[in-house]
Amino acid sequence: MADRPRQKGHLSKRKLNAAATLGLTLRFLTAGVQYADFCLLTSSGKSGPSRYLRFGVLCLLKALRSLPQAVVEMPSEAYLRELGDRMSEHGEVMRGACFTTDGSLHESEKDEAATSNFFEQESHPDYNGWKMLYSKKGLYVFCFDGTISWYLINAPGSWHDAYMFDRCQIEFVSRLPQGIWMLGDTAFPIIPGKVERARKAGESLPANHQRREFQLNLEQFSSRMRLSAEWGVKDLKRTWAFFQKKLTTDDVKFNLMMWESSIRLFNVRARCMNVGQIHSVFVRDTQEPTNE
């Protein structure tokens, strides 16, 4: 860092170079920063990010968007075929299963600008009546190799996972190759051959014999091995300290840059380091298919 001339009555000001800015950005993402460490760099406002941090996140995101290991997309059909066949090693009922999906809740600061509204809590789009807090929601599709293949972020906190899944069904599920399917939880609909899950309480078995047998086998398998996309959501939220703080309400653009950067770094971590619970359970110690 290069020192600037000291001004009378002020602390010596410093200008961060590119390396220092990147270091600050990565520290904020992975370890978080205490206010005591950050106060000399913050902009006005209790939650406003530093201009150095904002610039660092912008540069990092641009770099990640051009990095092949950070890409967020559906893998090639050949890769999915090979992965789907290998999933049968965990149980024949899992043949063709390549994805699992789940939503996540991210608490946000209370919208102070809306407090003048008497019905502000009930009418505010980010007020989550179930959790009694302000929040944003994300929906993620995890490939069983541990990467994120699709996501929807910054959705209003009051939205149910199934409402967000409508968009996933159009943009992702409809593009799944024949025989490749996704495992969901009871919040999502069953779409035979595309989205499968265990039955809800009181839900009847399918009338079709083959579907009934498949459903029973899937539920039997799920009872032996806890299958949940929560593994991936927990990895994402616990790895990046950004998710352990309340999201700011006055800087949506910054939140989105941090959120997308974390998702892309999650994929880099999974592809380059082979780290993650989903990867550990379903892929580690086996020969991985080549995604061409």
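Student: Why is D126 counted as buried?

Tutor: Its relative accessibility is 11%. Buried means under 20% relative accessible area, exposed means over 50%, and partly exposed lies in between (1.4 Å probe, protein chains only). D126 is under the 20% cut-off, so it counts as buried. Two notes on the model come next. This is a predicted model: local features need pLDDT of at least 70, side-chain atom pairs count only at pLDDT 80 or more, and totals for chains, interfaces and linings use all residues. Residues are numbered from 1 along each chain as its sequence is written, and side-chain values use heavy atoms, without hydrogens and water.

Student: What makes K136 and D126 a salt bridge?

Tutor: A salt bridge needs a side-chain nitrogen of Lys or Arg within 4 Å of a carboxyl oxygen of Asp or Glu. For K136 and D126 the N to O distance is 3.1 Å. The pair links distant parts of the chain: K136 sits in strand β5 (residues 133-143) and D126 in the loop between α5 (120-123) and β4 (127-128), 10 residues apart. Helices (H or I, at least four residues) and strands (E, at least two) are DSSP runs, numbered from the N terminus. K136 has a relative accessible area of 16%, so K136 is buried.

Student: How do you know that K246 and E107 form a salt bridge?

Tutor: Their closest N and O atoms are 3.5 Å apart. This pair also links distant parts of the chain: K246 is in the loop between α8 (230-239) and α9, E107 is in strand β3 (residues 97-107), and they are 139 residues apart.

Student: Are K246 and E107 buried, partly exposed or exposed?

Tutor: K246 has a relative accessible area of 49%, so K246 is partly exposed. E107 has 34%, so E107 is partly exposed.

Student: What places R167 and E171 about one turn of the helix apart?

Tutor: Both lie in helix α6 (residues 161-171), four residues apart. An α-helix has 3.6 residues a turn, so residues three or four places apart point the same way. The side chains of R167 and E171 meet in a salt bridge, 2.9 Å from N to O. R167 is partly exposed at 42%. E171 is partly exposed at 33%.

Student: How many salt bridges does the structure hold?

Tutor: It holds 12. R65, E260 and R264 are linked in a network of salt bridges.

Student: How do you know that the reach of helix α9 is close to the expected one?

Tutor: The expected span is 1.5 Å times one less than the number of residues. Helix α9 (residues 252-273) has 22 residues, for which 32 Å is expected. From its first C-alpha to its last, α9 reaches 31 Å.

Student: Why is α9 called largely enclosed by the rest of the structure?

Tutor: Because 16 of its 22 residues are buried.

Student: What makes α3 and α9 oblique to each other?

Tutor: The axes of helix α3 (residues 51-65) and α9 cross at roughly 45° and come within 9 Å. Axes are lines fitted to C-alpha atoms, for helices over the stretch in contact, and angles run from 0 to 180 degrees between N-to-C directions. Angles under 35 degrees count as roughly parallel, over 145 as roughly antiparallel, 65 to 115 as roughly perpendicular and the rest as oblique. So α3 and α9 are oblique.

Student: Which residues in α3 and α9 meet?

Tutor: Contact means heavy atoms within 4.5 Å. In α3 they include L53, V57, L61 and R65. In α9 they include F254, M258, E260 and R264.

Student: Why are α8 and α9 called roughly perpendicular?

Tutor: They pack at an angle of about 110°, with their axes 10 Å apart. That angle makes α8 and α9 roughly perpendicular to each other. G232, D235, L236 and T239 of α8 make the contact with S262, I263, F266 and R269 of α9.

Student: What follows α9?

Tutor: N274 does, and its phi is positive, near 55°. N274 is not a glycine. It lies in the loop between α9 and α10 (277-282). N274 has a relative accessible area of 30%, so N274 is partly exposed.

Student: Why does M132 count as exposed?

Tutor: M132 has 58% relative accessibility, so M132 counts as exposed. M132 lies in the loop between β4 and β5. Its phi is near 60°, a positive value in a residue other than glycine.
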